[in-house]
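Let's walk through a protein model together, one piece at a time.

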Amino acid sequence: MTAITHATTPYDGQKPGTSGLRKKVRVFAQQGYAENFVQAVFDVVERAPGSTLVVGGDGRYYNRTVIQQVIRMAAANGYGRVLVGQGGILSTPAASHVIRKYGASGGLILSASHNPGGPDEDFGIKYNIANGGPAPEAVTEAIYARTQTIDRWVAEDTPDIDLDSIGTAKVGGLTVEVIDSVADYAALMETLFDFPAIRAAVAGGLTMAFDAMSAVTGPYATEILERRLGFPAGTVRNGVPLEDFGGHHPDPNLVHAKDLYNLMMSPAAPDFGAASDGDGDRNLIIGRGRFITPSDSLAMLAANAHLAPGYAGGLKGIARSMPTSAAADRVAAALGIPAFETPTGWKFFGNLLDAGMATICGEESAGTGSDHVREKDGLWAVLLWLNILAVRGVSVDALAREHWAKFGRNYYARHDYEALPTEAANALIADLTAALPTLPGQAFGPLTVAAADSFAYLDPVDGSTSANQGLRVLFEGGSRIVFRLSGTGTEGATLRVYLERYEPADGNLDADVGVMLADLIAAAEAIAGITRHTARTAPDVIT
Ligand code: VG1
Ligand code: CO
């Protein structure tokens with residue numbers, strides 16, 4: 001076997017976004033496109049000769065093709081061992097765990113997460129570093145810089161290996177181990193949560209529905225929920241990963257997980273409903289008759305985490321992304337622990353977790369996780385909810401009401417305007433950025449602007465800074481609007497408008513979210529001129 005050097009020229013636009021490089025499959029399928037990016041990663045990341053690389057993905061179309069190529073390239077680039085999930089499957093949190101557990105120098109996670117899959121849809125590649133977390137900005141910048149000068153990639157000239165049988169193969173000097181995709185992850189969950197208590201609750205009648213959305217969590221949820229915790233067969237719906245996710249968006253929100261939502265609001269609702277996304281790092285939580293916003297879920301989990309064995313010693317701190325509601329901050333204050341506010345994207349939590357400054361982290365986009373891995377983790381959140389419900393013996397609705405009665409309620413919604421012309425979206429952001437200094441003191445209906453800025457983050461661990469992380473308009477009384485452009489889309493631009501209104505514990509805690517946010521929605525239009533810039537009169541998705 002020989003390593004072959006393939007001459008290549010750079011492709012434009014291989015800049016990783018919020019979570020890796022995401023493009024249409026047809027873009028990735030161009031001659032040398034994926035190879036250029038992977039070679040750029042191998043050229044710049046920290047790794048000793050003979051290091052271990054973890055590879056796996058969410059099972060979407062093109063996953064197997066890229067995995068085979070990564071293996072050939074890893075062999076020619078001096079890796080000693082590749083660990084690959086059986087069938088090419090590793091959820092994002094499972095990959096994070098495998099990297100950590102086996103001391104890998106890093107991993108390639110092949111996923112476009114909640115984006116749709118199939119020959120005409122999306123694919124993605126993300127590099128995670130030795131701590132199991134997404135590469136920090138310094139590393140993604142270096143990878144991007146390398147993609148702009150790349151002139152060759154190297155690969156062993158070998159046939160595909162068998163990804164479906166567990167076992168070991170040799171590719172040149174490289175050892176390839178096909179590992180069980182689920183076993184290590186399921187074992188980790190057993191160390192964190194009170195499985196006997198959940199099993200007892202299930203035996204006592206606790207019911208649930210889990211929608212795997214034909215994506216990667218199917219095998220994980222079936223093993224953990226049905227086999228280990230005793231929920232009946234059929235609890236996991238859409239549990240077989242499909243290359244095109246059955247033609248749906250594997251995005252666990254109220255639009256794309258509508259079937260689950262409808263079930264949970266119907267008389268036939270089980271006690272607990274949950275869903276996860278394409279790569280298994282997001283979670284949707286719905287109790288019978290009660291949707292829990294991801295921001296509230298973070299706060300409620302943090303307030304009750306001590307009921308799970310893995311967190312019985314308490315939390316060191318709570319971190320949330322800037323657009324995530326401040327509900328978790330109130331819990332942190334009550335617990336007497338620090339609260340951190342980071343830019344959007346899990347990579348910003350890595351340093352806080354590594355430094356032991358935060359234990360639980362979350363994002364409004366249905367991402368929640370802890371220091372057990374360095375990614376957000378959909379099933380982890382589901383299991384923590386189950387653990388809490390099992391120990392406390394209350395419904396989701398009762399737990400939410402009790403939480404709000406103690407901490408107050410942060411009414412919250414996110415409005416997404418998708419596939420906008422990039423120039424229009426950029427113009428909106430540019431105009432609003434220019435107007436920020438003029439906003440304080442201005443009134444929009446009953447709301448008066450207290451402050452407005454462009455969010456910048458100073459990492460308290462390594463001192464790095466990240467500017468332009470979203471535009472914030474803060475109102476007197478604690479309400480807030482945040483505007484930012486998505487960094488994960490593959491078509492035009494997506495504008496996200498995050499709306500938050502705080503209602504104190506003695507206030508109106510059970511009102512309609514749309515009604516409570518109506519003044520903020522009007523203010524967002526007046527402040528940013530969304531219709532003027534985009535010709536849209538309503539968002540595409542409200543979550
Ligand atoms: C979105 C979310 C962000 C999340 C990211 C990756 O990014 O807003 O909170 O971390 O997706 O999630 P953006 O830039 O489109 O707003 V996933 O599940 O795609 O790995
Ligand atoms: Co995801």
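Is the crossing in which H6 passes H8 left-handed or right-handed? H6 passes H8 in a right-handed crossing, where right-handed describes a near helix turned clockwise from the far one by less than a right angle, and left-handed one turned anticlockwise.

## Before we start

This is a predicted model, in which local features need pLDDT of at least 70 and side-chain atom pairs count only at pLDDT 80 or more, while totals for chains, interfaces and linings use all residues. Residues are numbered from 1 along each chain as its sequence is written, and chains are lettered from A and ligands numbered from 1 in the order in which they are written.

## Helices H6 and H8

The axes of helix H6 (residues 183-192) and helix H8 (residues 217-228) come within 10 Å and cross at roughly 45 degrees. That makes H6 oblique to H8 (angles under 35 degrees count as roughly parallel, over 145 as roughly antiparallel, 65 to 115 as roughly perpendicular and the rest as oblique). Helices (H or I, at least four residues) and strands (E, at least two) are DSSP runs, numbered from the N terminus. Axes are lines fitted to C-alpha atoms, for helices over the stretch in contact, and angles run from 0 to 180 degrees between N-to-C directions.

Tyr185, Ala186 and Met189 in H6 meet Tyr220, Glu223, Ile224 and Arg228 in H8 (contact puts C-beta atoms, placed from the backbone, within 7 Å).

## Helices H2 and H3

Here is another pair to look at. Helix H2 (residues 33-44) and helix H3 (residues 63-76) have axes that come within 11 Å and cross at roughly 40 degrees. That makes H2 oblique to H3. H2 passes H3 in a right-handed crossing. On the H2 side, the contact is made by Ala34, Glu35, Val38, Gln39 and Phe42, and H3 brings Val66, Gln69, Val70 and Met73.

## The sheet

Seven strands form an open sheet with mixed pairing, in the order E2-E6-E5-E3-E4-E9-E8 (two strands pair if DSSP finds at least two bridges between them). Its edge strands, E2 (21-24) and E8 (167-171), each pair on one side only. On average, neighbouring strands are turned by 20 degrees against each other, direction ignored.

E2 pairs with strand E6 (residues 122-129) in the antiparallel sense over four bridges. Within this region, Lys24 stands opposite Asp122 in E6. Helix H2 returns here: H2 lies across E2, strand E5 (106-110) and E6, and runs at about 10 degrees to E6.

Methods:
Contact = placed C-beta atoms within 7 Å.
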